Amino acid sequence: MGANHSRDELESSDSDTENQEETEQERYDTPEKSFSEHRPKTPSSLDEVEAKLKALKLKYPSTTTLQSGNPNLKNAVKLYLHIGGNTPKAKWVTSEKLTSYSFFKTSKIDNNVDEDEDDESESESEGEGWWVLKVSNKIKAKVADCMQMKTFKDQRRVDFVATGVWAMKFFTDEDYAVFVGKYKDCMFENTYGFEANEANQIKVYGKDFLGWANPEKADDSMWEDAEDSFFKSPKSATPIRGHQDLREEFEEAANGGIQSLALGALDNSFLVGESGIQVVKNFAHGVQGKGVYVNFGGGSGNPKSNFSSGHPTPKKALLMRAETNMLLMSPVNEGNPHSTGLHHLDIETGKIVTQWRFEKDGTDITMRDIANDSKGAQLDPSGSTFLGLDDNRLCRWDMRDRNGIVQDLATSDGPVLNWAQGHQFSRGTNFQCFASTGDGSIVVGSLDGKIRLYSSNSMRLAKTAFPGLGSPITHVDVTYDGKWILGTTDTYIILICTLFTDKDGKTKTGFSGRMGNRIAAPRLLKLTPLDSHLAGINNKFRNAQFSWVTENGKQERHLVATVGKFSVIWNFQQVKDGSHECYHNQEGLKSCYCYKIVLKDDSIVDSRFMHDKFAVCDSPEAPLVIATPMKVSSFSMSTRR
């Protein structure tokens, strides 16, 4: 899936012999009739045939006319529909040999296209509402990322999703260019609420980030430099191998209702479920059950020692202190991501030690997310601090009191975490998610799509703030060295290079200083329109992350994300390669469609690569672990010989 380019090829019926094509309606809507019902009567002579044809005054379009479209038809295109899903019979069929498209504005989108609508009045409407693309009388869709528009400049073709999967072919290069330009303008206006012009692009992106609006003019040298350093790294763990397959190694049934996955870099990993935590053993080929289960229910005389049944299932589990302790964060209630505190689990005893409260200046506050101080902090046996994030808060919590002494949890009545460092912003940041680098720098994603970079020394002022592309950031990850950031949105993943050259000619990351105006345009990871459609109604990207490295000089090798029942894997070096075939003949930001898909029978909770130490000599990557609500599976990256 995904990497199979043959699925992008339209049928050979797109030839000059148009009269041999079957349209979609002819193939599927017309009832079959017997040959005898339509058998013509044999004429008495050829002269009679010629006379009848002349009387009919038939006009046949030339091949040239069919190729160039109807000169009297505005915005002429040829429309295809993909049928058969992902079955062996899947193919493109011609829906309409000649039709037209239009863009218009409306405040109400009705997918039931009215055949009697006046296209001329709609095509350049400047009314209130959103820009909508209409094609023939079959398609009417709001211009948005969920259309998953994919361009093929060399074929004068665009593919997109609108209930089904469609393709439009244009008759001239000019027709194609006009459509793509208008589509981009409509997308910009629908996303930001402004007309697409240079002044508004500066308003949205800022002068330093205009390369994001016009990627063809952006500086890509940092991507090229990064590719060079990737190959030159003397400490790179394993050589790159061209042909990699996924081989399933283990499948382990869970005790039920997996909600989150906490991978360990040492002996164990943990499946957090509805009623407890299942411990699994880490191996070089994945994870397997260990037969140990920590129950959230009763079992101890101390009411504080067990998870309260009044709390929803934990949605976040954070390993600490050489993976002997775990912090569990539950939302206030289902559907609310905020939490008022944490449960502290001692893994060695299998008991909830206490419940911490979030408090600042004597007032209870909430947190949306928690994270380790740095990429490898969970391996520190003495760690007592961790990071916290809320809509307008970024902070560091300390489990010691203000004098640096570990609190006596046995006698404390609801111990309070110490706000050790941080900032409470007045308004408007709308933080959603965050992650830390190997040195403790922090990347934060926001509801407006912005991605902010904070150094390890300050949480008040971001060193760099990347503009949003219009979609909320739901999850972020960053490489150990801080050079690359992954931001997850519902419909795409954005990969950002943080490298820049300062005024002294030194190469730095955006965590350590202002990047100036030589900022590389990001790259996007997307599903093809067909795969996006096949992913089903729950086809939103979730939890995109790099493979797991916690050592300087080692490079993350793969990217993985979850989309419904799909676990989608990209080769990191391939994504960075500017000459990669995916980037040929594209319009706008470079988008990579070369990936592998693992399909499960149930919606996937999380997909993550194990720590780099579990990579073995015959594999270029540590195993991939995929958790669904009822089971966890492990896959190894094998190399075809």
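1. In this protein, 59% of the contacts with a separation of 6 or more join residues 24 or more positions apart, a contact being heavy atoms within 4.5 Å. The model is predicted, with local features requiring pLDDT of at least 70 and side-chain atom pairs counted only at pLDDT 80 or more, while totals for chains, interfaces and linings use all residues. Residues are numbered from 1 along each chain as its sequence is written, and side-chain values use heavy atoms, with hydrogens and water left out.

2. The protein has 11 helices and 40 strands. These elements are DSSP runs numbered from the N terminus: helices are H or I with at least four residues, strands are E with at least two. Of the 641 residues, 51% are buried, that is, under 20% relative accessible area with a 1.4 Å probe and protein chains only (exposed is over 50%, partly exposed in between).

3. Five strands form an open sheet in the order E27-E28-E29-E32-E36, and the pairing is mixed. Strand E27 (475-478) and strand E36 (591-592) stand at the edges; each has a single partner strand, so one side of each is left without a neighbour in the sheet. Strands count as paired if DSSP finds at least two bridges between them. Strand E32 (residues 523-525) pairs with E36 in the parallel sense over two bridges, and Leu525 stands opposite Cys592 in E36.

4. The second largest pocket holds about 840 Å³ of space. A pocket is an open set of points on a 1 Å grid over the protein atoms alone, where a 1.4 Å probe fits, with protein on both sides within 12 Å along at least five of seven lines; lining residues have an atom within 4 Å of a point. Grid points are joined across faces, edges and corners, and the volume is the space filled by probe spheres set on the points.

5. Of the 35 residues lining this second largest pocket, Lys184, Met187, Glu587, Gly588 and Leu589 lie nearest its centre. Helix H6 (173-192) is one of the elements that supply at least two lining residues, and H6 gives the most, with nine.

6. His338 is located in the loop between strand E14 (325-329) and strand E15 (341-346). His338 counts as buried because its relative accessibility is 16%. Beyond its neighbours within four places in sequence, the residues in contact with His338 include Ser330, Thr366, Arg368 and Asp391.
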